Amino acid sequence: MSCLIQIRETEQKTTYNPPEWAYVYENDDELPKTHHNVDDNFWWIEVGGEWDCIHDSDRCREECLKICYGVWDHMKNKGDHGCDNWELEWIGFLPGKRESRRYVGEYTVTQNDVENEGRFEDIVAYAGWTMDDHFPQGFYYREGRPTIFHPAPSPWGLPLRCMISKNIGNLVFAGRNITVTHAALSSSRVMATCGILGQAIGTAVSLAIEEGQDVREVDIKKLQQQLMKDDCYIPWHERKISDVCRNAKCSSEVVRDGVERGEAHCWIGEKGDSIIYEFDDEKTIRQIYLTFDSDLNRKYHNMPCNFRLRQNESLIPKTLIKSYKIIGTNREGKEVVIETHNSHQRMVMHNVDWKIWKIEFVPLETYGCEEFRVFR
């Protein structure tokens, strides 16, 4: 279990007086062999691996808080750590649990599955983090870095079966409580993977309710297609293209190849460029889906633990399209137009009721990127 620290740079030198119950670390040798500076995210402040992190939660939290305040005291007052103008802004009093109870599902994902890329028939989500195995001592491990990073493919797949209870009807789960071994959990436990697991099982339950069936009986191909339609990436699968889209004449084939990840599947345009679909005759259009490039390969943290006085990176990806037009034209040349400004979403859906023979997407502005980048 760990408690998060958040720090912020100020314009002047600040002082810090720790609470009297905080631990005192006079020198670096008293801390784990890892970074402790303003660019760290303090993941190594963790305890509980040698205790019972379920029934000893309060003890773990109190220990983490004593360490957190003590570490910041060390960085501010015990040597030069470049923290003179930094202040402690926030500490999480609700500890994050790396590993706790897990349910027994219809399938247990193992280290072998991770290393073999998890190519399950019922794949509905993916992970991509290394298998980083933290030592049980956590903060108190002193023999070297407090974790070992075992390589894992990126991505690797997770099946629906690991989120459905083996022996309890109507019980499903997502996040760190899915059915995985200790080694597999070390890769699947990260927040982004937990989030897409939640969307996957939530969508599966929704389909089960619509069809009036048990979640175990959901049509897996239909579920996969719905997830991809909602911009959930499923490795090694392609989104089915609608008939009206597939049969149209399109100025760019890449926007209808059914894959919304990777440079090879992205339309890249310049100012004045557009994407045009033309139909043989007028078609009734009910929904328009757009998927933009949100720079998923960005190197900086989108949820930083430290805030510099002058941030170099925007928390809104520069590649996202900020403003655009969608123009529909009927046979008589009459136009219907959607114009959007200050959009900050990767995937956008517009509900319309248009009868048209041509539709054009015109990008107008990004959040800083010179190119316009569109997946669909």
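Glu 365 is partly exposed, with a relative accessible area of 37%, where buried means under 20%, exposed over 50% and partly exposed in between (1.4 Å probe, protein chains only). The model is predicted, so that local features need pLDDT of at least 70 and side-chain atom pairs count only at pLDDT 80 or more, while totals for chains, interfaces and linings use all residues. Residues are numbered from 1 along each chain as its sequence is written, and side-chain values use heavy atoms, with hydrogens and water left out.

The side chain of Glu 365 meets that of Lys 322 in a salt bridge (4.0 Å, N to O), a term that requires a side-chain nitrogen of Lys or Arg within 4 Å of a carboxyl oxygen of Asp or Glu. Because Lys 322 lies in strand S11 (residues 321-329) and Glu 365 in strand S13, the pair ties together parts that are 43 residues apart in sequence; helices (H or I, at least four residues) and strands (E, at least two) are DSSP runs, numbered from the N terminus.

Between Arg 346 and Asp 231, which form another salt bridge, the closest N and O atoms are 2.5 Å apart. This pair links distant parts of the chain, with Arg 346 in the loop between S12 and S13 and Asp 231 in the loop between H5 and H6, 115 residues apart; both residues are buried.

S3 runs antiparallel to strand S6 (residues 156-159), to which four bridges join it, pairing being assigned if DSSP finds at least two bridges between two strands.

The largest nonpolar core has 33 residues, of which Val 124, Leu 158, Leu 160, Met 163, Ile 178 and Leu 223 touch the most other members. Such a core is a set of buried Ala, Val, Leu, Ile, Met, Phe, Trp, Tyr and Cys residues joined through side-chain atoms within 4.5 Å. Its largest share, six residues, comes from H4.

## Backbone features

The peptide bond from Ser 154 to Pro 155 is cis, with omega near 10 degrees, and Pro 155 is placed in the loop between strand S5 (147-150) and S6. Asn 342, although not a glycine, has a positive phi of about 60 degrees.
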